[in-house]
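Good morning, colleagues. Please take a moment with the sequence and the structure on the screen before we go through a few of its parts.

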Amino acid sequence: MLRRRLREIAPVSVEPLTLLLVTFLPLAVVTTAMWIFDDGLRTSWGGAWSLAARVWLLGFGVPSEVTGGALAASGTVDSYLFTLMPSGVLVGAVWVSWHSGCRTAQMGPLPAVWGGYALVLAVAVVLLATTASNASARVSLLPALLLPWLINLIVFGVATLVHAPESRQGAGARLLLRRVRAWTRVDEVVAGSFVWAALRGAAVTMVALVGAAAIGLTVSVLGNWMSIVAVYESLHGGWTGVIVMSLIQLLYLPNLVVWSIGWIGGAGIAIGTGSLASPFGTLVAPMPAVPVLGAIPSGGSWQIMLLILPILAGFAGAWFALRPLAAELVGGWHGWLVAAASALGQAVVIWLVLTVLATLASGALGPGRLQDVGVPIWRMIIPAGFVALGAVVAATVLVLGRPALAEAANR
């Protein structure tokens, strides 16, 4: 029996190795290339391994304390924290862990599958966490051991529950989801469908905001290409430096999209304490030599018109979510109240999501004033307010046009 169970769950042990292959190995390859071409093999390869491990751990929120070496500001500070997460590592890890859970959901009893995955993942995390610190930088061991392990294990476990077959353990999770959906039906809970409408509207709004932010980021990079090239040239890193810097910036691409949402939403971007770049104008001190930062728009003038984008996103989300419910939008103050509550609920969900994203996409990039980089978290209420405005406008239009919409919905 034991041998049969081991054969069933043995493939699960490969999944954490897949996670490392996708998320850690590219980092190790890049740092090894830096060690070969930039360092000229003068130091130990262990420094390249430790740097890759620190970047990987940083992707899960484990800060690095820089104490010396090339990254430290010699003569100005003894040490500083580097906390700006490369969210690309986190996104890649979540994607791999989720698909691992989908693949292994039917390989055996779920407790055994979880145990096998957790054990192998723990060994891998211990290896990276204990080798990440060196003379130049160090990480706190407890967060380094717990955060990557817990995040990947939770994503893996949820994926196995969602994809567990009906005949095995885990089917109860889907049964619970069906009961929750049934419990929130409009005929069993008052205005339950409008609660789901607020959530659906928030989902549509987020898709619209991310799409607009990605397009805006692309246009800004292309429009400021010469400024970006000038920063690359000032680094004098050769072709290896260009490749390494470009790959590092790709790891921060999700951060940049969140920053773009903050910019078009009026919250702005802080590149250092006391600085702010927004559609209303830009006030920043000398910035670090990161090429992509040259794409930050100056703000002011016609760029203020871009604030209409979050309003349109809120309008589209509320319209998409509330229009199918036109027949249930009764007349009088009750209809106005329900529509307004759903629209405002959509904006509250957006505010919560944007606050979480801003927290993940912001942090410390260097010493001194660079300990404050990213989207000011408390200012995310501004794009949420614009979303609320668009959602309320959509709800108002729907309530005023309720008879015609209800007739169309009943055909």
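Predicted model: local features only at pLDDT ≥ 70, side-chain atom pairs only at ≥ 80, totals over all residues.

Serine 87 belongs to helix H5, which covers residues 87-104. Which residues does serine 87 touch, if we set aside those up to four places away in sequence? The contacts are Leu251, Pro254, Asn255 and Leu360. Phenylalanine 60 stands 27 residues from serine 87 in sequence, with a C-alpha to C-alpha separation of 8.0 Å.

Asn255 brings us to helix H12, as it is one of the buried residues of that helix. How many of the 12 residues of H12 are buried? The number is 10, and the helix is thus described as mostly covered. Besides Asn255, the buried set includes Leu256, Val257, Val258, Trp259 and Trp263. From its first C-alpha to its last, H12 reaches 17 Å, close to the expected 16 Å. Just after the helix, glycine 266 adopts a positive phi of about 90°.

I turn now to the nonpolar interior. In soluble globular proteins, nonpolar side chains tend to be buried together. Here the largest nonpolar core holds 41 residues, and those touching the most other members are Trp259, Ile271, Ile350 and Met380. At least two residues of this core come from each of strand S2, helix H9 (192-223), helix H10 (225-235), helix H12 (253-264) and helix H14 (332-361). What does tryptophan 259 contact beyond its neighbours within four places in sequence? Its partners are Leu84, Ile269, Ile271, Leu293, Ala361, Val373, Gly374 and Val375. Another core, of 30 residues, lies apart from this one, and Leu57, Ala93, Val113 and Ala129 are among its members.

Finally, the sheet. Three strands make up an open sheet with antiparallel pairing, in the order S2-S1-S3. Strands S2 (80-82) and S3 (137-139) are at the edges with a single partner strand each, so one side of each has no neighbour in the sheet. From one strand to the next, the twist averages 30°. Strand S1, residues 64-66, runs antiparallel to S2 and is joined to S2 by three bridges. Within that pairing, glutamate 65 is opposite leucine 81 of S2.

Thank you for your attention.

Terms used. Residues numbered from 1 in each chain as written. Heavy atoms only, no water. Pairing = 2+ DSSP bridges. Helix = DSSP H or I, 4+ residues; strand = E, 2+ residues; numbered from the N terminus. Axes fitted to C-alpha atoms, helices over the stretch in contact; angles between N-to-C directions. Contact = heavy atoms within 4.5 Å. Core = buried A, V, L, I, M, F, W, Y, C linked by side-chain atoms within 4.5 Å. Buried < 20%, exposed > 50% of the residue type's maximum accessible area, 1.4 Å probe, protein only. Expected span 1.5 Å × (residues − 1).
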